[in-house]
Amino acid sequence: MTNVFVLVIAAIFYGTGYGSIQPTLHAWMINRVLPTRRGAATATYFSLFDLGIGVGALWVGFFAKWLNYAVIYKISILFMALFGLIYLIYFLNVKKNRAADNRAKYGI
């Protein structure tokens with residue numbers, strides 16, 4: 001395999017991931033707020049999304065001085081796994097709360 005081929009494959013995965021997660025998070029956020037607060041929520045979402053990308057790039061660049069890129073990518077994967085775990089815990093709590101609400105609502 002050539003470096004260009006691997007770069008193209010990585011770009012496809014990166015673009016697919018970014019292109020699917022960004023609108024998904026935005027839609028999720030819109031569904032979590034009152035309709036009258038959607039404008040403020042959208043502004044906050046995009047501001048913090050951009051801030052996260054900027055600050056994340058600064059931190060990765062800062063640590064890249066001392067670490068090689070393989071270590072940087074491994075650390076990034078750990079952060080993604082941590083955020084995935086946080087989301088899973090959130091999802092399970094929401095599911096449990098909905099089940100409890102349904103039991104209370106229907107007297108089960």
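Y90 has a relative accessibility of 31% and therefore counts as partly exposed, a class that lies between buried, under 20% relative accessible area, and exposed, over 50% (1.4 Å probe, protein chains only). W28, at 34% relative accessibility, is likewise partly exposed. This is a predicted model, in which local features need pLDDT of at least 70 and side-chain atom pairs count only at pLDDT 80 or more, while totals for chains, interfaces and linings use all residues. Residues are numbered from 1 along each chain as its sequence is written, and side-chain values use heavy atoms, with hydrogens and water left out.

The structure contains 13 aromatic pairs. Rings of Phe, Tyr and Trp (its six-membered ring) pair if their centres lie within 6.5 Å; planes under 30 degrees apart count as stacked, over 60 as edge-to-face and the rest as tilted. Y14 and Y18 are stacked, because their ring centres are 6.3 Å apart and their planes stand at 10°. Both residues belong to helix 1 (residues 3–31), where four residues, about one turn of the helix, separate them; helices are DSSP runs (H or I, at least four residues), numbered from the N terminus. Y14 is exposed, with a relative accessible area of 61%, whereas Y18 is partly exposed at 38% relative accessibility.

W28 and Y90 form an edge-to-face pair, 5.5 Å from centre to centre with 70° between the planes. Since W28 lies in helix 1 and Y90 in helix 3 (residues 69–106), the pair ties together parts that are 62 residues apart in sequence.

Ring pairs also link Y14 and Y18 with Y45, F46 and F49 into a cluster.

Terms used
Helices (H or I, at least four residues) and strands (E, at least two) are DSSP runs, numbered from the N terminus.
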